[in-house]
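Here is a quick tour for anyone meeting this protein for the first time. Have a look at the sequence and the model, then read on.

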Amino acid sequence: MTRTITLFPLAALLLAGCAVPEARLRAGLIRAGLPAPLSACMAERMVDRLSLKQLMRIADLPKARGSESIDQFLHRVRALGDSEILGVASSSAALCATGLG
């Protein structure tokens, strides 16, 4: 019983640790000009596929602010020079925009 009580806070911290990068990425995608529902869907997919460093790079992408379309956003992501980020962002955008994500 004591072991279960001790593990509960640890599990809660681990879950919260996953939520922070996703929330930061979602906020960054919204700041970039993507719609909130699309941003939420993309962030949920991307957080499981990219490293923390990659997530921080895309969430803080300064040139992406005010993107008027997914294509424009992906063009700016391409400028990061990280093919993995581009691949994950592209596939996530495509799946989420079509409702398959």
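## Before we start

This is a predicted model, in which local features need pLDDT of at least 70 and side-chain atom pairs count only at pLDDT 80 or more, while totals for chains, interfaces and linings use all residues. Residues are numbered from 1 along each chain as its sequence is written, and side-chain values use heavy atoms, with hydrogens and water left out.

## The overall build

The protein has 5 helices and 0 strands, so reading from the N terminus you get α-α-α-α-α. Helices here are DSSP runs of H or I with at least four residues, strands are runs of E with at least two, and both are numbered from the N terminus.

Of the 101 residues, 34% are buried (under 20% relative accessible area, with a 1.4 Å probe and protein chains only). The accessible surface comes to about 6200 Å², and carbon and sulfur atoms hold 64% of that; the areas come from the Shrake-Rupley method with a 1.4 Å probe. Take the contacts (heavy atoms within 4.5 Å) with a separation of 6 or more: 59% of them link residues 24 or more positions apart.

## Helix α2 against helix α5

Two packed helices are described by the angle between their axes and the distance between the axes. The axes are lines fitted to C-alpha atoms over the stretch in contact, and the angles run from 0 to 180 degrees between N-to-C directions. For α2 (residues 36-46) and α5, the angle is about 135 degrees and the axes are 9 Å apart. That makes the two helices oblique to each other, the label left over once angles under 35 degrees count as roughly parallel, over 145 as roughly antiparallel and 65 to 115 as roughly perpendicular.

The crossing of α2 and α5 is right-handed, meaning that the near helix is turned clockwise from the far one by less than a right angle. On the α2 side, the contact uses Leu38, Cys41, Met42, Arg45 and Met46. From α5 come Val88, Ala89, Ser91, Ser92, Ala93, Leu95, Cys96 and Ala97. Sorted by class, that contact has 10 nonpolar, 2 polar and 1 charged residues. Ala, Val, Leu, Ile, Met, Phe, Trp, Tyr, Cys and Pro count as nonpolar, Asp, Glu, Lys and Arg as charged, and the others, Gly among them, as polar.

## Helix α3 against helix α5

Helix α3 (residues 52-59) also packs with α5 (residues 83-98), at an angle of about 70 degrees and with axes 11 Å apart. The pair is therefore roughly perpendicular, and its crossing is right-handed. Gln54, Arg57 and Ile58 of α3 meet Glu84, Ile85 and Ala89 of α5, giving 3 nonpolar, 1 polar and 2 charged residues.

Leu29 sits in helix α1 and is buried, at 0% relative accessibility. Leaving out residues up to four places away in sequence, Leu29 touches Leu34, Ser39, Met42, Ala43 and Phe73. Its C-alpha is 6.5 Å from that of Ala59, 30 residues away along the chain.

Leu34 lies in the loop between α1 (2-31) and α2 and is buried at 5%. Beyond its neighbours within four places, its contacts include Leu29, Ser39, Met42 and Phe73. Which residues does Ser39 touch? Ser39, in helix α2 and buried at 0%, touches Arg26, Leu29, Ile30 and Leu34, again not counting residues up to four places away.

Definitions and conventions
Buried means under 20% relative accessible area, exposed over 50%, partly exposed in between (1.4 Å probe, protein chains only).
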